[in-house]
Amino acid sequence: MTVAPATLHGSAGQPLPRKRRRLSRKLAPWLFLAPGMFMFLIYVLMPIGRSMWISFYQWDGLSPAHWVGFANYVELLDDDAFYTSLKNNVIWLVLYMLAIPLGLFIALFLNQTVRGIRIYKSLFFFPFVISQVVVGLIFSWFYAPGFGLFYEILEWFSGRGIAVLADENLVTYGIIAAGLWPQIAYCMILYLTGLNSVAPEQIEAARLDGAKGIKMLWYVVLPQLRPATFIALVVTVIGALRSFDLVSIMTSGGPYGSSRVLSYYMYEQALSEYGYRMGYGAAIAVVLFAIMMIFISGFIWKMWRDERGL
């Protein structure tokens with residue numbers, strides 16, 4: 001006795017035509033994706049499009065908007081504060097990349113089976129779970145003249161402490177150091193997760209071939225950590241370019257606007273008591289979004305080429 005293969009049936013119990021079955025199979029993934037795509041359209045794509053549209057207007061958020069075309073973008077070209085913010089974002093981006101190798105090395109250390117490793121993991125994991133506001137306050141006290149630990153250490157060694165957050169040449173680096181603390185912890189978590197999926201067979205085979213140390217890491221471990229590295233790169237770039245909360249908490253863009261970044265300058269122009277220039281703030285936001293897309297698109301393109309073996 002043979003059993004006929006299962007087929008899709010219509011409301012009358014008759015098998016569906018082959019074309020309808022194919023159509024159903026094609027539509028099923030899109031039906032599952034539809035809710036997420038709808039939310040992405042409403043809460044991501046539409047705000048991006050709206051910001052681009054507002055950037056062509058002069059608007060204070062309340063009165064009628066006036067079309068000014070590319071005037072806001074032309075004004076950016078002569079705005080010294082914009083160039084200061086852009087330069088600080090570049091410094092953030094370059095130094096924030098340190099979080100990736102540091103996170104990797106800490107993850108390699110914590111991946112060992114030694115006594116007390118859970119305590120070490122908890123200590124390194126701690127910066128990731130606390131708020132950026134708390135991080136900013138901790139480092140503000142750390143740098144504070146008179147009682148801050150960093151200030152006291154410098155004064156003890158050199159005889160003169162340095163008020164990092166009051167120095168125009170050092171303030172950006174001080175804030176970046178505060179941001180690197182939780183960012184390194186985040187990259188560490190990504191790599192710890194990736195190390196759990198490293199194939200032990202490849203490790204053993206490499207050991208039998210005499211590979212160890214840097215060679216083992218470079219030729220065996222890192223290729224298997226490529227997905228974790230990609231996520232770490234994208235998240236680190238986004239974190240470096242937005243970097244609003246720490247600047248707001250620690251310096252409010254000071255001293256004299258020397259620690260501004262594009263996200264904070266956008267806030268100052270669009271929403272602070274000195275601004276209410278929604279169109280100009282939107283133009284800054286569009287520039288920041290374009291920079292992010294350039295980097296992220298480059299990463300995705302490189303990863304796609306590597307996957308295809310091009």
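Lys-121 is partly exposed, because its relative accessible area is 35% and that class spans the values between buried (under 20%) and exposed (over 50%), computed with a 1.4 Å probe on protein chains only. The residue is found in helix 5, which covers residues 117-129; helices here are DSSP runs of H or I with at least four residues, strands are runs of E with at least two, and both are numbered from the N terminus. Lys-121 and Ile-106 are 15 residues apart in sequence, and their C-alpha atoms are 9.4 Å apart in space.

This is a predicted model, in which local features need pLDDT of at least 70 and side-chain atom pairs count only at pLDDT 80 or more, while totals for chains, interfaces and linings use all residues. Residues are numbered from 1 along each chain as its sequence is written, and side-chain values use heavy atoms, with hydrogens and water left out.

Helix 5 also holds Phe-128, which counts as partly exposed at 35% relative accessibility. Phe-128 belongs to a nonpolar patch on the surface, whose members include Phe-125, Val-133, Trp-141, Trp-181 and Ile-249 and which has about 1,100 Å² of accessible area together. Such a patch is made of residues with over 30% relative accessible area and no salt bridge, with nonpolar side chains (Val, Leu, Ile, Met, Phe, Trp, Tyr) joined within 5 Å and like charges within 9 Å; the areas come from the Shrake-Rupley method with a 1.4 Å probe, and for residues only the protein chains shown count as cover. A salt bridge is a side-chain nitrogen of Lys or Arg within 4 Å of a carboxyl oxygen of Asp or Glu. Helix 5 and helix 6 (132-143) each supply at least two residues of the patch, and helix 6 gives the most, with 5 residues.

Turning to the aromatic rings, the structure holds 22 aromatic pairs, where rings of Phe, Tyr and Trp (its six-membered ring) pair if their centres lie within 6.5 Å, and planes under 30 degrees apart count as stacked, over 60 as edge-to-face and the rest as tilted. Among them is the tilted pair of Trp-53 and Trp-67, at 5.8 Å centre to centre and 50 degrees between the planes. Trp-53 lies in helix 1 (residues 18-54) and Trp-67 in strand 2 (residues 66-67), so this pair ties together parts that are 14 residues apart in sequence. Trp-53 is partly exposed at 44% relative accessibility, whereas Trp-67 is exposed at 52%.
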